[in-house]
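Good morning, and thank you for making time for this presentation. Please have the sequence and the structure in view while I speak.

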Number of protein chains: 2
Amino acid sequence: MTDRRRSVAAAADGFMRAFTVDDLIAAARAHSPGIGVATVYRAVASMEDAGALERVGSRDGSALYVRCSVEEHHHHLVCTACGAVAHTPCPLGAPASDAAHEGFVVTSHQVTLYGLCAACATTGPEGG
Amino acid sequence: MTDRRRSVAAAADGFMRAFTVDDLIAAARAHSPGIGVATVYRAVASMEDAGALERVGSRDGSALYVRCSVEEHHHHLVCTACGAVAHTPCPLGAPASDAAHEGFVVTSHQVTLYGLCAACATTGPEGG
DNA sequence: TCCAAAATGAGAATCATTATCACAAGTAGA
DNA sequence: TCTACTTGTGATAATGATTCTCATTTTGGA
């Protein structure tokens, strides 16, 4: 792993919520001022490949990512108010991964739960 | 509903699998030869708004859609071999929509199951 | 040190999507 | 009929995220 990739990983670690590649570029430049756009995109691709990043939708045409430090199969809770992301155990379990649905053999799945994080749910919509 | 929008809806009805907007433009032109790109995008937006189309991920940077004629809450089974899409009842049920996960109040969710449709599962990877 | 392979940065290129604009069709009121 | 207004349309420019290219630098092994 190179110095640049370490910077990108560190920058990703710093986010408490979902981020775009653009956010990540800005954060990575705090660690490595001259780092280029293409380098961050390449780092994101390889981290996504390794399971260290996961895409959780998009915002205004940009892909949204979250950092995944956990190894086991899990999914994400995305707060629609503040963008905070939490991990949750897979709510589907074996049925989704193994079962056949009218002849359709499911091999993988993608689940994202949207709602309000504890803080936003407590303060209400006007609580910011 | 205008003639153009009817053409787009009819074109969408003709797909047995997920399609891109580009696919849809080509199909819509079979019905309305001169239909413009922007018109199809506008029709897609309004159909998605009305629940008649649903986005099920992307392929090569283009959004993928499926036609949704069913009204009730459901999700999609996407065949990774041939792209066929089937509807399936929500595998999560009430827990996902109502329950709190460590203070996180879930209000909506997105589930997509990937695998092989009956035809591709039967013929095997080399059969498709 | 020397070498091959991989990584990097700058910026151009690509391409899906959106915005703009002039025009046509439809509606309502007088 | 005439006018004002709204909405849909097609062509095309603009936007912007992402990828590609290429010369250079870095890395890891011997």
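This is a predicted model: local features need pLDDT of at least 70, side-chain atom pairs count only at pLDDT 80 or more; totals for chains, interfaces and linings use all residues.

In chain A, strand E1 and strand E3, the latter covering residues 62–67, pair in the antiparallel sense over two bridges. On strand E3 of chain A, the residue that partners A:Thr20 in a bridge is A:Leu64.

Let us now turn to chain B. Here too an open sheet is formed by three strands in the order E1-E3-E2, and the pairing is antiparallel. The edges are held by strand E1 (19–20) and strand E2 of chain B, each pairing on one side only. E1(B) and E3(B) run antiparallel and are joined by two bridges; B:Thr20 has B:Leu64 in E3(B) as its bridge partner.

On the other pairing, strand E2 (residues 53–59) and strand E3 (residues 62–67) of chain B are antiparallel over five bridges. B:Arg59 has B:Ser62 in E3(B) as its bridge partner. The hairpin of these two strands has two residues between them, and B:Asp60 takes a positive phi near 55° there. Helix H3 of chain B, residues 37–50, lies across E2 and E3 of that chain, at about 120° to E2(B).

Next, the helices. At what angle do the axes of H1 and H2 of chain B cross? The axes of helix H1 (residues 3–13) and helix H2 (residues 21–31) come within 8 Å and cross at roughly 115°. The crossing of H1(B) and H2(B) is right-handed. From H1(B), the residues in contact are B:Ser7, B:Val8, B:Ala10, B:Ala11 and B:Ala12; they meet B:Leu24, B:Ala27, B:Ala28 and B:His31 of H2(B). By type, the residues of this contact comprise seven nonpolar, two polar and no charged.

I would also draw attention to B:Ala81, placed in the loop between strand E4 (74–79) and strand E5 (85–89) of chain B. Leaving aside residues up to four places away in sequence, B:Ala81 touches B:Gly115, B:Leu116 and B:Cys120. B:Ala81 and B:Cys120 are 39 residues apart along the chain, and their C-alpha atoms are separated by 6.8 Å.

Finally, I come to the two chains together.

At the interface, 27 residues of chain B are in contact with 27 residues of chain A. The chains bury about 2,000 Å² between them, of which 66% is on carbon and sulfur atoms. On the side of chain B, the most area is lost to chain A by B:Phe104, B:Gln110 and B:Tyr114, together 29% of what that side buries. Because 100% of the interface residues of chain B are also interface residues in chain A, the copies meet through the same surface.

Thank you for your attention.

Key. Residues are numbered from 1 along each chain as its sequence is written. Chains are lettered from A and ligands numbered from 1 in the order in which they are written. Side-chain values use heavy atoms; hydrogens and water are left out. Two strands pair if DSSP finds at least two bridges between them. Helices (H or I, at least four residues) and strands (E, at least two) are DSSP runs, numbered from the N terminus. Axes are lines fitted to C-alpha atoms, for helices over the stretch in contact, and angles run from 0 to 180 degrees between N-to-C directions. A crossing is left-handed if the near helix is turned anticlockwise from the far one by less than a right angle, and right-handed if clockwise. Contact means heavy atoms within 4.5 Å. Ala, Val, Leu, Ile, Met, Phe, Trp, Tyr, Cys and Pro count as nonpolar, Asp, Glu, Lys and Arg as charged, and the others, Gly among them, as polar. Buried area is the accessible area (1.4 Å probe) that two parts lose on being put together, summed over both.
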